[in-house]
Amino acid sequence: MVHHLRYHQGKKGWENMDKDEEAQTFLLVWANSGYCKRKRPKLASFLLLSLTCCSLILAPLLFISSSTLVHLYSFGGQNEGLAADMTVNVSPCSSVSDGKICCDRSHFRTDVCIMKGDVRTQSASSSIFLYGSRNSNRFISYVSHLVHDDNEKEHGEPQHEKIKPYTRKWETSVMDTIDELDLILMSENLGVHHHCDVNHDVPAIIFSTGGYTGNLYHEFNDGILPLYITSQHLNKKVVFVMLEYHNWWIMKYGDILSHLSESPAIDFTGDNRTHCFPEAIVGLRIHDELTVDSSLMTGNKSIVDFRNLLDRAYWPRIRGLIQDEERDEQEKLSVSPTSVFSFETIRKVQGHHPRKPKLVILSRNGSRAITNENLLVEAAERIGFQVEVLRPERTTELAKIYRVLNSSDAMVGVHGAAMTHFLFMRPESVFIQVIPLGTDWAAETYYGEPARKLGLKYIGYKILPQESSLYDIYEKNDPVLRNPRSLTKRGWEYTKKIYLGGQTVRLDLKRFQKRLIQAYDHTIRTNQDFHHHHSNCKH
């Protein structure tokens, strides 16, 4: 049986989503496949046989324990940030019976199909086969086989679904690059003739790491967070099966993956063996931009819980980094004994002074760089911050970036994918996002609102035309400077070429200083409240 719930909507890019949100109209269509139709028995004897079968199936349920009942997968509804005026709170696939495929196509961002029974992979044909239930007795199997054969005779083919398991369903250009899977329900008895090379006793989650993988924002928003949302209720008892498998992706996110699954990930295309599972979830759930909707999660898990998982994932590596640094320091001291006194003296002196709030500046090169960054550092230090400039590269270990930001009180950065690192900051920290011309909507939607949901103090700083390098290129009354929205609504290419690829920022530090002072005051109050709370706890 296949359930379909579809929204039909015009496709668009992010650059005009804010415009289209107000005018979006959805047509809700229920479409059941032929396999959901009631069948009229062709023989009177078959009716009697079916009645007998139902009695045998239902009677044992009165006596078995709840632990042996069908495992239910309930993903709940999905908060559609891109389709806010139409929210679905109940998934049509909240309960799936053995030997069934159910596809939820109701969400704007993603499709998810659930297969339950004897699930087998066939990478050569990009197919996942379902051979009914693993636990059916022979009599029930025979009856099921009769019904299935009757279906196939009328409809001419087995149940067949297609899916591209990536979370940007609305974006045709990128979805065209995603590998498609065929999900096929076969006659149960045929499974006897197909061996399993690898048997798994836990479900599979099958998804793609293609698309925009390589961009930090998309890696978290379209991959890691949806993977957390889809898998967390399984308590690590799951196997991840990946289309467009990348070794570097496994290395980069291995610390996180090990806290979501106890099993090594499988390269669907590169592993030609037949893997067999009791269940498979094909596709990932996604709630909104860089967030987790607790109302849709088992145990009301939230984005803060996801961040706590990051803390557990990265702490062992951070502990190792700290130990390496301490070992290096001891070696230096052993080489230069005269430095022991000065080192200890410095530590004692520092102990008598309160720690300065730490401000991290996420530095960029090229487009959207802060060209007077050195003056920004000086201004922040005069206010009272201890400043650290962080210049992450594509190859920079995430645990090292996490360590820096987790220990910070505030972060400043210009709008771009690197702002995804706000997920590494502690709740109550301050996040100042510098917003270049033409990026207002994206800055708020992708980073501002999600940062607030994490519990950060978010401060958006919209630059003036005079603070943009575009001010020296275009006439003062040019729409590029005075009305960026008139350009961005024309499409992504305009936004990318003019505002993202060709703009740098020179901050008006007198104006920006107000945000730094605001951040400093918030940090001091937060630290005072923290120490006051812990002081009371001791007493």
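In this predicted model, strand 6 (residues 160–163) and strand 7 are paired through 4 bridges in the antiparallel sense. Within that pairing, Lys-162 lies opposite Asp-182 of strand 7.

Strand 7, which spans residues 181–185, has another partner in strand 5 (residues 127–130). Strands 5 and 7 run parallel and are joined by 4 bridges. Here the bridge partner of Ile-128 is Leu-183 in strand 7.

How many residues of strand 7 are buried? The count is 5 of its 5 residues, and the strand is mostly covered. Leu-181, Leu-183 and Leu-185 point one way from the strand, while Asp-182 and Ile-184 point the other way. Residues on both sides are buried, including Asp-182, the residue that stands opposite Lys-162, and Leu-183, the partner of Ile-128.

Helix 7 covers residues 303–335 and helix 10 covers residues 398–406. Their axes are 9 Å apart, and the two pack at an angle of about 95 degrees. Helix 7 is therefore roughly perpendicular to helix 10, because angles of 65 to 115 degrees count as such.

Which residues of helix 7 meet helix 10? They are Arg-307, Leu-310, Asp-311, Tyr-314, Arg-317, Ile-318, Leu-321, Ile-322 and Glu-325.

Note on methods. Residues numbered from 1 in each chain as written. Predicted model: local features only at pLDDT ≥ 70, side-chain atom pairs only at ≥ 80, totals over all residues. Heavy atoms only, no water. Axes fitted to C-alpha atoms, helices over the stretch in contact; angles between N-to-C directions. Parallel < 35°, antiparallel > 145°, perpendicular 65-115°, else oblique. Contact = heavy atoms within 4.5 Å. Buried < 20%, exposed > 50% of the residue type's maximum accessible area, 1.4 Å probe, protein only. Pairing = 2+ DSSP bridges.
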